[in-house]
Amino acid sequence: MHLLVNHFPVVLSIVGLASLIVGAATAREFFWRAGLTLMLLAGIAAVPAFLTGDAAHKIIERRLFVVRGTIGAHDDAAGVALWALLTCAAANAWALWRARASNAAQLAGWLRAVVLVLALAAVGSVSYAAYLGGRIVHDSPVLQGERMGGGPGPGATQPE
């Protein structure tokens, strides 16, 4: 399940931040409201991604291809990312509530700044957690075709 849900907070937060930046640059209502909504959804999506990570940890840690230490580093970063996304989602929900009857691009300047700073922090932390999660598998010498003796793995071509 973790592999099915873990990309949602990453993609939603990156697209949400991009929309907030465009909204800040152009003062267009659509981009502000879209960015606020996407960052709220990213925070919501972070909960199942984090919770399914514990079950995935128990399954994958016994696999031959997992490099020791990568799961723990990813888990630590995921905890930080979860709280960053939840904090950002709460601020975005409040901003959306404040803009419910008005233009989201006309929110108080301090609130727009807080939303942007929290979105930057959330995207940075979730991107780092995702990077570490990818290293669990992608850095594996077994899956890269390297043999224990340092030679090329099966299917590797030899220089002529």
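His-74 is buried in this predicted model, with a relative accessible area of 17%. The residue belongs to helix α4. Apart from neighbours within four places in sequence, His-74 is in contact with His-2, Ala-129, Leu-132, Gly-133 and Ile-136. The value of 17% falls under the 20% cut-off, and His-74 therefore counts as buried.

**Fold and confidence**

The protein chain holds five helices and zero strands. Read from the N terminus, the order of elements is α-α-α-α-α. Of the 160 residues in the chain, 36% are buried. Among contacts with a separation of 6 or more, 75% join residues 24 or more positions apart. The accessible surface of the chain is about 9500 Å², and carbon and sulfur atoms account for 68% of that area.

The mean pLDDT of the chain is 82, with 76% of the residues at 70 or more. Helix α2 has the highest confidence, at a mean of 96, while helix α1 (residues 2–5) has the lowest, at 74. Over residues 147–151 the pLDDT stays under 50, and the model has five contacts for them beyond four places in sequence. Residues 153–160 also have pLDDT below 50, with four contacts in the model beyond near neighbours in sequence.

In soluble globular proteins, nonpolar side chains tend to be buried together. Here the largest nonpolar core comprises 31 residues, and Leu-20, Trp-32, Leu-36 and Val-115 have the most contacts inside it. At least two core residues come from each of α2 (7–26), α3 (29–60), α4 (70–98) and α5 (109–138). The greatest contribution is that of α5, with nine residues.

Trp-32 can be followed in more detail. With neighbours within four places in sequence left aside, its contacts are Leu-20, Gly-23, Ala-24, Ala-104, Ala-105, Arg-112, Val-115 and Leu-116. Two of these partners, Leu-20 and Val-115, are also listed among the core residues with the most contacts.

**Surface patch**

A nonpolar patch on the surface is formed by Trp-94, Trp-97, Trp-110 and Val-114, whose accessible area together is about 450 Å². Helices α4 and α5 are the elements that give two or more residues to the patch. Trp-110 is located in α5.

**Salt bridge in α3**

The count of salt bridges comes to one. The pair is Arg-33 and Glu-29, with the closest N and O atoms 2.6 Å apart. Both residues lie in helix α3, at a spacing of four residues, about one turn of the helix. Arg-33 is partly exposed, at a relative accessible area of 26%, and Glu-29 is likewise partly exposed, at 25%.

Phe-50 is placed in helix α3. Leaving out neighbours within four places in sequence, Phe-50 is in contact with Asp-75, Ala-78, Gly-79 and Leu-82. Ala-130 is part of helix α5.

**Loop between α2 and α3**

Ala-27 is situated in the loop between α2 and α3. Its phi is near 55°, a positive value in a residue other than glycine.

| Residue | Relative accessible area |
|---|---|
| Phe-50 | 25% |
| Ala-130 | 35% |
| Ala-27 | 48% |

Ala-27, at 48%, is not over the 50% cut-off and is therefore partly exposed rather than exposed.

Conventions: Residues are numbered from 1 along each chain as its sequence is written. This is a predicted model: local features need pLDDT of at least 70, side-chain atom pairs count only at pLDDT 80 or more; totals for chains, interfaces and linings use all residues. Side-chain values use heavy atoms; hydrogens and water are left out. A nonpolar core is a set of buried Ala, Val, Leu, Ile, Met, Phe, Trp, Tyr and Cys residues joined through side-chain atoms within 4.5 Å. Buried means under 20% relative accessible area, exposed over 50%, partly exposed in between (1.4 Å probe, protein chains only). Contact means heavy atoms within 4.5 Å. Patches are made of residues with over 30% relative accessible area and no salt bridge: like charges are joined within 9 Å, nonpolar side chains (Val, Leu, Ile, Met, Phe, Trp, Tyr) within 5 Å. Accessible areas come from the Shrake-Rupley method with a 1.4 Å probe; for residues, only the protein chains shown count as cover. A salt bridge is a side-chain nitrogen of Lys or Arg within 4 Å of a carboxyl oxygen of Asp or Glu. pLDDT is the predictor's confidence in each residue, from 0 to 100.
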